[in-house]
Amino acid sequence: MKKFRTLTILFVILAMLVFNIQPALAAPPLPSGFKGTVKIDGANVPAGTAVSARINGVEYAASAYLMYNGDTVYSLDVLGDDTDTPSTIEGGVDGNTIVFFIGTIQATQTGTWHSGVNVTLDLTGFSPRALTVSKSGAGSGSV
C-alpha cells in the first residue's frame, strides 16, 4: 500500500510539472542599426534637421544629427517586427528596403533591414532646385 501511495504522489507531481509548462514567448528581433555622415548638396545639414528611416512609407526611426570631427553624423536603430503581434507591424522584417530622409529630402541611399546588424551608410541628399522661366516662356533650370 505504501508503494502505491508513493507512485501516486510521484505521478501527481510529474503531471503537475508536465501540464504546468507554459510556452516561452519569443523575444522581438534585434534592431537593424545604421550610422554614418549625413550631407545635403555635399554640405553639413542645417541645425535642427532630423534623419528618419521608413519602410513601406511608415517611419520606424528618427534622430537628430550630431557633429563629429566637423561632419554631421547620424545613428539610427530601426526596430524589427514582433511576430507575436500579428495585427500590428512594429518595424522591419528581413530584406525590407529602408528609405532614409534628411528632413523632408529623400536620401539617395537606401538600406536593407536585417536583425542585429550595424551598417555604416553615409547619406546624401540634394535640395530641390528652383525653376526659372525666361521671357520667351521656355523654362530653364537655375543652379
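Strands β5 and β6 make a hairpin with two residues between them, and Asn69 in the turn has a positive phi of about 50°. Here helices (H or I, at least four residues) and strands (E, at least two) are DSSP runs, numbered from the N terminus. The model is a predicted one, so local features need pLDDT of at least 70 and side-chain atom pairs count only at pLDDT 80 or more, while totals for chains, interfaces and linings use all residues. Residues are numbered from 1 along each chain as its sequence is written, and side-chain values use heavy atoms, with hydrogens and water left out.

Asn69 sits in the loop between β5 (66–68) and β6 (71–78), and its phi is positive although Asn69 is not a glycine. With a relative accessible area of 67%, Asn69 is exposed. The cut-offs behind such labels are under 20% relative accessible area for buried, over 50% for exposed, and partly exposed in between (1.4 Å probe, protein chains only).

Strand β6 also has β1 as a partner: the two pair in the antiparallel sense over six bridges. Thr37 stands opposite Val73 in β6. Asp41 lies in the loop between β1 (32–40) and β2 (43–44). Asp41 is partly exposed, its relative accessible area being 32%.

Next, the open sheet. Four strands make it up, in the order β4-β3-β7-β8, with antiparallel pairing. At the edges are β4 and β8 (105–112), each of which pairs on one side only. On average, neighbouring strands of this sheet are turned by 25° against each other, direction ignored; axes here are lines fitted to C-alpha atoms, for helices over the stretch in contact, and angles run from 0 to 180 degrees between N-to-C directions. Strands of a sheet pair through backbone hydrogen bonds, either parallel or antiparallel. Five bridges link β7 (residues 97–102) with β8, and these two run antiparallel. In that pairing, Ile102 stands opposite Ile105 in β8.

Leaving aside residues up to four places away in sequence, Ala62 touches Val51, Ser52 and Leu76, where contact means heavy atoms within 4.5 Å. Ala62 and Leu76 are 14 residues apart in sequence, yet their C-alpha atoms are 6.8 Å apart in space.

As for the protein overall, there are one helix and twelve strands. Along the sequence the pattern reads α-β-β-β-β-β-β-β-β-β-β-β-β. Of the contacts between residues at least 6 apart in sequence, 53% join residues at least 24 apart. Of the 143 residues, 27% count as buried. The protein exposes about 9800 Å², with carbon and sulfur atoms supplying 62% of it; accessible areas come from the Shrake-Rupley method with a 1.4 Å probe, and for residues only the protein chains shown count as cover.

Methods: Two strands pair if DSSP finds at least two bridges between them.
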